[in-house]
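This briefing describes a structure for a computational reader. The sequence and coordinates come first, followed by notes grouped by topic.

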Amino acid sequence: MKMKKFMNAPETVTDEELTGLGLAYSDILDVDDHLVISKDLADADRVTIVTYGGSGHEPAQAGFVGKGGLDIQAVGDIFAAPNGQLVFDAMKLADKGHGVLLLTLNYAGDQLAGKQAMKLAKKAGMNVRQVVTCEEIQFDPNGEDNKRGLAGAVALYHVAAAAAREGKTLDEVAEIAQRYADNMASITIKTTDATHPQNGMSFGDLGETDLMEIGAGQHGEGGGVRVPMMSAKDTVATVAGALCKNLDLKAGDKAFVMINGCGATTMMEMLVLFKDTVEFLKAMDVEVVGNMVGEILTVQEAAGFQMNIAKWDDEIIRLWNTPMHTPAFSKE
């Protein structure tokens, strides 16, 4: 059966998407080939924030470029990291003399590109730091502990950007970003598979079953545990319980909760899941002081969600509560 996606040609879909992004949000950002650049960068006199990653996960990551968010994202092809040279080019463009923080999600291709870019930057004498997010926790005790970077990086983008806008040094901004990365945890729960928009291939056979997979890789890597579908409340109890244990959350702690839809999960479901998560944490006497609910980092039309919980301190809360204006997320 022919793939039902509104495209013109598989080989140009990323280029056309980026052109559309630039047209739709010309007040916030510029698009230069595969670099998405915040208009806020032009007058920046501070540490700047760069990230990179494959397309196909919209709105992440380009949707979080803008005031109070990322300064530049280097965009790769669908589900593929850009090359290290492009990431280095983004870092050079972002550098305003105060240093550049490179934020990397933990995948093999991203790590390789980041390593190459950091090597080029240091050779060029640039002041750069790198923080890698790897918040996925091991759910299957008999499986691999992959520590993949998931949607939790998006909240970190804003916290790091807010720290930079306060005039903090690169070392200070990197320390805050690393502290955030060390105090968050995520799990992916998948119920149906995505289709690769360039070749029509499915990422697996989960959609042909009555099961869900807890700890699934978002690109179809697998590695999770398949169980019968559960209610929202039972799913939250299972997943949030594992995340809280990993973070050692205790009564009196303050937390951020993200429910990230994988592409085909309805807002109705996500809001029910969020409500159940808040109630679960309230029963532990853990206060939810920040949240994101919606499609943040997707995998085409996969169904399911990522739950991310982060333990916050007063400094993180203050930084989060600063203005942000990007294509995918705005707050005053």
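**Surroundings of R46**

A polar contact of 2.8 Å joins the side chains of R46 and D71; a polar contact is a pair of N or O atoms within 3.5 Å, where within protein one must be able to donate a hydrogen and the other to accept it, and residues adjacent in sequence count only if both atoms are side-chain atoms. The model is predicted, so local features need pLDDT of at least 70 and side-chain atom pairs count only at pLDDT 80 or more, while totals for chains, interfaces and linings use all residues. Residues are numbered from 1 along each chain as its sequence is written, and side-chain values use heavy atoms, with hydrogens and water left out.

- R46 is placed in the loop between strand 2 (35-38) and strand 3 (48-55); helices (H or I, at least four residues) and strands (E, at least two) are DSSP runs, numbered from the N terminus.
- The relative accessibility of R46 is 8%, so R46 counts as buried; buried means under 20% relative accessible area, exposed over 50%, and partly exposed in between (1.4 Å probe, protein chains only).
- Leaving aside residues up to four places away in sequence, R46 touches D40, D71, K96, H98, G99, A164 and R165, where contact means heavy atoms within 4.5 Å.
- Between R46 and D95 there are 49 residues of sequence separation, and the C-alpha to C-alpha distance is 8.9 Å.

- Six strands form an open sheet with mixed pairing, in the order 1-2-4-3-5-6; two strands pair if DSSP finds at least two bridges between them.
- Strand 1 (29-32) and strand 6 are the edge strands, and each pairs on one side only.
- On average, neighbouring strands of this sheet are turned by 20 degrees against each other, direction ignored; axes are lines fitted to C-alpha atoms, for helices over the stretch in contact, and angles run from 0 to 180 degrees between N-to-C directions.
- Strand 3 and strand 5 (residues 100-105) run parallel and are joined by four bridges. I49 has L101 in strand 5 as its bridge partner.
- Helix 1 (residues 13-24) packs on this sheet and touches strand 1, strand 2, strand 3 and strand 4 (72-78), its direction making about 150 degrees with that of strand 4.
- Helix 4 lies across strand 3, strand 5 and strand 6, and runs at about 170 degrees to strand 5.

- An open sheet of six strands has mixed pairing and the order 9-8-7-12-10-11.
- Strand 9 (225-228) and strand 11 (287-294) stand at the edges with a single partner strand each, so one side of each is left without a neighbour in the sheet.
- From one strand to the next, the twist averages 20 degrees.
- Two bridges pair strand 7 (residues 184-192) with strand 8 (residues 211-214) in the antiparallel sense. I189 stands opposite I214 in strand 8.
- Helix 4 packs on this sheet, where it touches strand 7, strand 10 (254-261) and strand 11; the direction of helix 4 makes about 125 degrees with that of strand 10.
- Helix 5 lies across strand 7, strand 10 and strand 12 (303-312), at about 55 degrees to strand 7.

**Salt bridges**

- The structure holds 23 salt bridges, a salt bridge being a side-chain nitrogen of Lys or Arg within 4 Å of a carboxyl oxygen of Asp or Glu.
- One of them joins the side chains of D171 and R129 (2.8 Å, N to O). D171 lies in helix 5 (residues 170-182) and R129 in strand 6 (residues 128-133), so this pair ties together parts that are 42 residues apart in sequence. D171, at 48% relative accessibility, counts as partly exposed, as does R129 at 30%.
- E166 and R318 also meet through their side chains in a salt bridge (2.1 Å, N to O). E166 lies in the loop between helix 4 (153-165) and helix 5, and R318 in helix 8 (residues 314-320), so the pair ties together parts that are 152 residues apart in sequence. E166 counts as partly exposed at 39% relative accessibility, and R318 counts as partly exposed at 38%.
- A network of salt bridges links E166, K168, E175, R179, D313, E315 and R318.
- The side chains of D248 and K250 form a salt bridge (2.4 Å, N to O). D248 counts as partly exposed at 44% relative accessibility, and K250 counts as partly exposed at 45%.
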